[in-house]
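Biologist: I'm new to this one. Can you walk me through it, starting with the ground rules?
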Amino acid sequence: MAHTSLPVRATRLAIGPLRGWRELALYGGLLALMALDLYLIFVFAPTERVQGDVQRIFYFHVGSAWLAFVAFFVVALGSVGYLWRRTPRWDYLAVGSAEIGVIFTTLTLATGSIWGRVVWGVWWTWDPRLTTTLVLWFIYVAYLALRTYLDNVATRRRMAAVLGIFGFVDVPIVWFSVQWWRSLHPQPTILQQGGGMPREMLVTLLVSVATFTLLYAVLLRQRFALERAADQAAALRDLLRAQAEIGG
Amino acid sequence: MMSGLWYLAVGYGVMWLGLFGYLVYVAGRVRAVRDELAEVQRQLAGRDVEQGRVVR
Amino acid sequence: MGGSEAPGFAIEVRGLWVRLGRLDVLRDVTLAVARGERVGLVGPNGAGKTTLLRALATLLSYDRGTVRVAGYDLPRDGQAARAAIGYAGHRPHLYEHLTARENLRFFARLYGVADAEARADAALAAVALTHVAGGRAGAFSRGMQQRLALAAAMAHAPDVLLLDEPDAGLDATSVAHLPDAIATLCPHATVLFSTHDRAVAQALGARVVELRGGVVAKDASSAERVASQAQAPAGRGSEPPSPAHQAGGQVVVSPPGRGDGGQVAPLPAQHAQGQVVPSPPGRGETPAVAWSGEVERRPLGFFAAASALIEKDLRVEWRAREQFPTLLVFTLLLALVFDMAFVIPAADAAAVAAGTLWGSLLLGSTLAGIRLFAAEHDRGTLAGLLLAPVDPSAVFLGKFALLVAQSAVVGMVQLTVLSVLLNVPLLNAAMLAALGLAAVAMGAIVAMQSALIVSARARELLMPLLALPLAVPVLLASIGATHAALGLTPAGTNLPWIGLLAVSAAVFLSLAVVLYPHTVHT
């Protein structure tokens, strides 16, 4: 960067206070969808016969898990993109998505645990989905840890990208291994939903999934912009330092 | 079933807590980056003025 | 168009920009070095000399510009180019546990030199280290190590020799012998070196190019240089440049007769026209004729390279005796800890045995892998591997094979010991199959992570954190196979687990081989 003045665009971040109708539409749409979803979950959806109202956690739990899965897929996508193109944008995508994914994986585990407490009386069960989610949590926490412990920016991005791909490929293998292991050592299952779901429940579930997807998109957008701005700030700091050294 | 509702409320609360907690965290980082950008821009502009260059 | 038959410049750099971190270390560098020419880079610390040399040696990637070395475009033909490049950096990339002779033989072999032993001895003689050929490189003085490093750089008779401060750590006598060493080992080589001492440049009969603030003037006449300055980016320099000397951040190229002993050829317009400039007479003959020296070089095949690397690692490990015995004891110790932690009623002995076995093996191999690549990085020898004209995946395969072999041996010992200690029949075909496959799968995971953490802090914590979650399928499958082998689960359940182990091993290994080049290699 040979310029000494900031490109004005850099300071106008797509985060924080609302700017323009596009953001308004996005946030407004998300809020509306969330309101609809809440109505569906708590009013529209029928009460489950066996478990009672606590079953409604199911909609959050699945939504959360879905969001986490999408997030980690995007991490893999960003990782491939970065290794291929080597432009930072792909890395912003990967790290932002990883962070969101870890948050929602935690929420998936928490809601699953709470649900299990009521239905089975235990805080934890080695249900294959919960178990895989737990392993997933560790894999992506390790992803974030790797990034933390690598100081050089270019190295960090490259190594994280490799791990992002490796980790994602591992997930189906983990899933299969846990499934088979469980089939030999049966444990209570959290999710009893499946075929034969009443239509109201299915609709509620689909809207929940849609809501969480939109939520993910909005969060990712924020996080992406934050990462880019932080990177720009760091670049400018380095420019300052370089200029100070040269004395120009 | 009452205990079930209590847990439902807890689960619901956990979700919202998690979401808002993350939003607050991101907002905090956003603020920090904004401040840093403003600071750096100020320093660069100051340097430009010092050396008689044009500030855009 | 690549290949060494191409006439023209040995080193051709145009508009090179290199950014390290967020700093532009090299800015718009243009340089042309003719075949057989000697050029000395001078400049203050931080001018970018080392960066330029590393970029030419394919150790750094660049952001803008074109680079051609020995007729090859970088980075596209990087691997081919490396065969023709010899590089000696600040830190010698020598294996301290190997003797001088073994070091040179290894590098000669890695570069595909036909008669590596003879060549290694010749190189030793050229740098006057024959009398310590059997001494460990780690015991050498700084000056001896430097000479050995130079010999290693020239062992394969490179066409282009890149030396970063070759005179550093050398006494005056050794410095005086340097041109002879080069003339003996690679007489037709093009030499580009950096130095703080212009006298060294003179001694080598070199043209001097000065770097300052990451910028070099274009190889052109003064008039052209001035003209090109007018197009320089705004804010870069304030005063209008004067012909032979420019202020802050510009280049000073010594014109002839300026104290370089008159050996330096003037910057001719011929450079711009791409003709070969005959070297000035005087200090040794450096005819710019044939590309290759008398040394025959044949690029190593994939598995030949991997086996050369494995052999080197085995030899180093044998000398250092650093890891293997300790790993063995550690794995046994883990078994002890597990057994004590899980007090065993007789009925559950088999299940606990399975857990103890695989828990200790997986943890042990995780820890064993921490320094797989990191040790090379810390000792400075990783650069030597990155410089070699071998497929990066061969480097990975070499390390991976080492880890697997180690795990297999440790596993065998563990199987035997636990059979005895826990009175459980662990030694059978099914268990051995599981052990072999698990070693491969685990080896792939751990070797991959090991490459990722090479420059990370807190490696010891990071490795288990990275490897163990990924290894869950390996753990479950191994335990499942063991339960089946011990009769805890019905007979038929063995095969799916073995199958899962095999699939995991195949997937992890393929993925690691594909992804590895993106890690430590640029």
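Modeller: Start with a definition: buried means under 20% relative accessible area, exposed means over 50%, and partly exposed is in between, with a 1.4 Å probe and protein chains only. This is a predicted model, where local features need pLDDT of at least 70, side-chain atom pairs count only at pLDDT 80 or more, and totals for chains, interfaces and linings use all residues. Residues are numbered from 1 along each chain as its sequence is written, chains are lettered from A and ligands numbered from 1 in the order in which they are written, and side-chain values use heavy atoms, without hydrogens and water.

Biologist: Which residues of helix 6 of chain C are buried?
Modeller: They are Ser174(C), Val175(C), Leu178(C), Pro179(C), Ala181(C), Ile182(C) and Leu185(C). Helices (H or I, at least four residues) and strands (E, at least two) are DSSP runs, numbered from the N terminus.

Biologist: What do the buried residues of helix 6 of chain C pack against?
Modeller: Strand 3 (38-42), helix 4 (116-126), helix 5 (142-154), strand 7 (160-164), strand 8 (190-194) and helix 7 (198-203), in chain C. Contact here means heavy atoms within 4.5 Å.

Biologist: Where does helix 6 of chain C bend?
Modeller: At Leu178(C), by about 35°. A proline, Pro179(C), follows within four residues. The bend is the angle between axes fitted to the seven residues ending at a residue and the seven starting there.

Biologist: What span should helix 6 of chain C have?
Modeller: Its 14 residues, 172-185, should span 20 Å at 1.5 Å a residue, and the end C-alpha atoms are 20 Å apart, which agrees. The expected span is 1.5 Å times one less than the number of residues.

Biologist: New topic. In what order do the 4 strands of the open sheet in chain C run?
Modeller: The order is 2-1-4-5, with antiparallel pairing. Strand 2 and strand 5 of chain C are the edge strands, each pairing on one side only. The twist averages 25° from one strand to the next. Two strands pair if DSSP finds at least two bridges between them.

Biologist: How many bridges join strand 4 and strand 5 of chain C?
Modeller: 3 bridges, in the antiparallel sense. Val67(C) stands opposite Leu74(C) in strand 5 of chain C.

Biologist: Which peptide bond is cis?
Modeller: The one from Leu74(C) to Pro75(C), with omega near 0°. Pro75(C) sits in the loop between strand 5 (72-74) and helix 2 (78-84) of chain C.

Biologist: What about phi of Asp28(C)?
Modeller: Near 55°, a positive value in a residue other than glycine. Most residues other than glycine have a negative phi. Asp28(C) lies in strand 2 (residues 23-34) of chain C.

Biologist: And where is Asn423(C)?
Modeller: In the loop between helix 15 (392-422) and helix 16 (429-452) of chain C. Phi of Asn423(C) is near 60°, also positive.

Biologist: Why does Asn423(C) count as exposed?
Modeller: Because its relative accessibility is 71%. Asp28(C), at 32%, counts as partly exposed.

Biologist: Last one. How many residues does the contact take from chain A and chain C?
Modeller: 39 from chain A and 41 from chain C. The area buried between them is about 3600 Å², with 74% from carbon and sulfur atoms. In chain A, Tyr149(A), Phe166(A) and Ile173(A) lose the most area to chain C, together 20% of what that side buries. Buried area is the accessible area (1.4 Å probe) that two parts lose on being put together, summed over both.

Notes: Axes are lines fitted to C-alpha atoms, for helices over the stretch in contact, and angles run from 0 to 180 degrees between N-to-C directions.
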